[in-house]
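This report describes a structure chain by chain and then turns to the contact between the chains. The sequence and the model are shown first.

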There are 2 protein chains.
Amino acid sequence: MTTSHDPPRLEPLLLGEDDYALATDLYQLTMMAAYRARTDLAPDATATFELFVRRLPRGRAFLVAAGLEQALAYLSSLRFSGADVAYLRTLPVFAKTDPGFFEWLRDFRFRGDVDAIPEGTLVYPNEPLVRIRAPLAEAQLVETYLLATINAQTLIASKAARVRLAAGERPFIDFGARRAHGFGAALLATRAAWIAGANGTSNVAAAKKLDIPVRGTAAHAFIMSFEREEDAFRAYHDAYPEHTVLLVDTYDTREGCRRAAALGPSLRGVRLDSGDLGQLARECRAILDERGLTQTTIVASGDLDEDKITALLAQGAPIDSFGVGTEMVTSRDQPALGGVFKLVERTDGARRLPVMKLSEGKITWPGPKQVWRVHDPEGRFTEDVIELDGAPGPQGSRALLRPVMRAGALLPAAYEPLAAMRARCAEGLAALPEELRRLHDFADAPIRFGPALRALTDSLKGAAK
Amino acid sequence: MTTSHDPPRLEPLLLGEDDYALATDLYQLTMMAAYRARTDLAPDATATFELFVRRLPRGRAFLVAAGLEQALAYLSSLRFSGADVAYLRTLPVFAKTDPGFFEWLRDFRFRGDVDAIPEGTLVYPNEPLVRIRAPLAEAQLVETYLLATINAQTLIASKAARVRLAAGERPFIDFGARRAHGFGAALLATRAAWIAGANGTSNVAAAKKLDIPVRGTAAHAFIMSFEREEDAFRAYHDAYPEHTVLLVDTYDTREGCRRAAALGPSLRGVRLDSGDLGQLARECRAILDERGLTQTTIVASGDLDEDKITALLAQGAPIDSFGVGTEMVTSRDQPALGGVFKLVERTDGARRLPVMKLSEGKITWPGPKQVWRVHDPEGRFTEDVIELDGAPGPQGSRALLRPVMRAGALLPAAYEPLAAMRARCAEGLAALPEELRRLHDFADAPIRFGPALRALTDSLKGAAK
């Protein structure tokens, strides 16, 4: 029963599966209603949309596709509740909309086809990460959520892959939860970083949901809650005799390291979080080694990114692993990915109508496409050919897009373990030629457009004249 | 019943209230267990932590506090489920931890005191946005989630306030859902932007949850799903005769504007999303006015930020409202806020032990603090004085922190309508002197530290020598 004065409540502002249907921009819903009202199209008219990135962000030689699983979770459980529809009916813009539209929303299911490049794949501009074929209204609705989840995870995975390249064989751990754009973003960032090669996370909720390794050390507050640093160290070591990694920079780093070393060889590691990490790592290594703690590792953290890690390793800093936070989970140097979702073909009855946008500077290549990946005989990545779907790819090439949903039903390929995505990314990085693997001054993305796609494009350009 | 082979499922990776307890870094949990094992402290020993920002990000004259409501929602409903505890017990780090710790977690409630600066307040470095006093273990656990939600919303509100200053009297609408760091981040960004003065959002789920205005136009895909632009315009106008704002840049903007104008004076607006927005706005205004559509508005969008809006208005572009997306919802020029959560005092029995961190470059001011805000007789903001809590503030000043939770129970001040936060931010912006209101080349933050705080700091520094 609702009283006239409901008690006040706090809004946690979390996104649940119940919120999926309205997790979109208003115009998607108004366009849906307008599409439904059309009488000029066959009842089975469809639209094909592709999700892609027009240009690489500066400082990225490639992207790492990520976020598909969450996109498919959304597509397969998207429903309009009675409350959703009731809310929409309160909006002035829908005041004159046919009530049949709202009844139709109550029965709405996404029943389209989805093809996608699997997560963990290295991808390049103009390559469709996701291709959706569905009735216009269905395909339109889902644009916003698909972009939000795939833009976000692809952004972070692409940054994390650079950290992976910089760290080489050394592990790096995601420490970013507190600086991600809210805890929901932290979950996505942890997943994306794991796919791209992170070796664990400090984020417990993410580790539990994703079944990945969770790691941690100790914080300044723990140290400062004791009168003396050595007492704090002892207490933590007593609690976790085999798992103690101590933060040694609360007061004086060298002195802290000596106090930590006094715990003896069971000390698993020390963490440096401030100051000249390279110099301090060398001094701490010497302190530890002198006392026979040769197995005790050194963890470095503190605003690390791929460039700082590269510089530390280049100077031979004896750092065994890295904690990486803010820079990675916000992709700080490039904090947004401009993925778009564009109409590339319509069908109207038996007619297939490729669609092309010709606005200056923003060409959208027409027609449903496939991406063919070419490797040389040594297994090195050579080039991608973007071609019309159905046209052949170059000999020996491999098609990247594969079916994951048909008529709204998930196919087996939709259920992929994270380990497979992670292995795919590692293979992709290993296959990169040197000129694409460099963190800076790398070569242009080696993509070209296939002959059938170019012929269609030329014919549409000709027709537009 | 669980079979030996569970069917595969997709992980939506959404944060629910059930996930709150593990929405933290692992080290918070290991430190909790280690705190609990301590015998050197009185059973009622407490810790006071303050959440603050050490330095303003470059390009920010002030911050706008936001995210407290979600932080309090978290604190008041944080519980460890049986599954949470079972998961923690699987972690090797806890293999030797006293089982009593896990039983204690099952009964865990946050029972601390919280004081905070209300949302929408303009704030400056070193000012505690949130102050928490609780048993050490409780205060430690909540650091990560509090930082994540308050860093994120304060970051976006601070950026959106700059857009508000740039747009002046013109409305601006949040269009950013697709480029936020996932849809969860989009919800937070919409809320933060609204507090800072946005006039609405395109994000339907956020609008419904927050009860704020939702707005939309139409997209290129709608236009391109018709053979002819004019047919698309007509169809949309027929569907929404009083609410039609048409995107006119799909093919040729001027021609698009003429076709839109042909719908007559009931056309509510046209939207420009590419090209030279100032020049196109002038030409479109002329086209509309010539045809008597003087009430039809011009909406501009497309990678807008506060600087582009300033430049457009400075050149007199006849733009009536702005759609602002990527730049605002990612705070693209400064995509992370370095809020920290630092121990400032412990109590042990009757003893109060102020805590101060003296590491080079990272001073943490000791003791629980209050912020006193001073205005001049004309109501202009003059300065803030950061002082020990309990010490008096300057005459005529107002204390910013207020109690919102005591012993884990929410106080009435915790339930504040968004409208009050929004009004507070508008008042704060209006009270800014010119040298702080400027978007660039602004003055330093006018804060100083009060005499009692300085005396305590000096005495602790002296003791440390």
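Which domains does the domain assignment of chain A give? The assignment, whose bounds come from an automatic or database source, gives domain 1 (17–156 + 335–464) and domain 2 (217–300).

## Basis of the description

This is a predicted model, in which local features need pLDDT of at least 70 and side-chain atom pairs count only at pLDDT 80 or more, whereas totals for chains, interfaces and linings use all residues. Residues are numbered from 1 along each chain as its sequence is written, and chains are lettered from A and ligands numbered from 1 in the order in which they are written.

## Chain A as a whole

The C-alpha centres of domain 1 of chain A and domain 2 of chain A are 49 Å apart, and the C-alpha trace of chain A spans about 80 × 70 × 40 Å along its principal axes. Chain A contains 17 helices and 18 strands, where helices (H or I, at least four residues) and strands (E, at least two) are DSSP runs numbered from the N terminus.

Of the 465 residues in chain A, 55% count as buried; a residue is buried if 20 or more other C-beta atoms, placed from the backbone, lie within 10 Å of its own, exposed if 12 or fewer, and partly exposed in between. Among contacts in chain A with a separation of 6 or more, 71% are made by residues 24 or more positions apart, a contact being two residues whose C-beta atoms, placed from the backbone, lie within 7 Å.

## Strand β14 and its partners

Strand β14 (residues 381–388) of chain A is mostly covered, with six of its eight residues buried. Strands count as paired if DSSP finds at least two bridges between them, and β14(A) pairs with strand β13 (residues 369–375) of chain A in the antiparallel sense over seven bridges, with A:Gln370 opposite A:Glu387. The two strands form a hairpin with five residues between them, and A:Gly379 in the turn has a positive phi of about 85°.

Strand β18 (residues 447–449) of chain A runs parallel to β14(A) and is joined to it by three bridges; here A:Ile386 stands opposite A:Phe449.

In helix α11 (residues 253–261) of chain A, the buried residues are A:Thr253, A:Gly256, A:Cys257, A:Arg259, A:Ala260 and A:Ala261. Their cover includes α10 (229–239), β7 (245–247), β8 (269–272) and α12 (277–290) of chain A.

Most residues other than glycine have a negative phi. A:Asn126, in the loop between β4 (122–123) and β5 (130–135) of chain A, has a positive phi of about 70° although it is not a glycine, and A:Asn126 counts as buried because it has 20 C-beta neighbours inside 10 Å. A:Asp303, in the loop between β9 (297–300) and α13 (306–314) of chain A, has a positive phi of about 55°, but with 15 C-beta neighbours inside 10 Å A:Asp303 counts as partly exposed.

## The contact between chains A and B

The contact takes 94 residues from chain B and 93 residues from chain A. The side of chain B that touches chain A has 53 nonpolar, 24 polar and 17 charged residues, with Ala, Val, Leu, Ile, Met, Phe, Trp, Tyr, Cys and Pro counted as nonpolar, Asp, Glu, Lys and Arg as charged, and the others, Gly among them, as polar.
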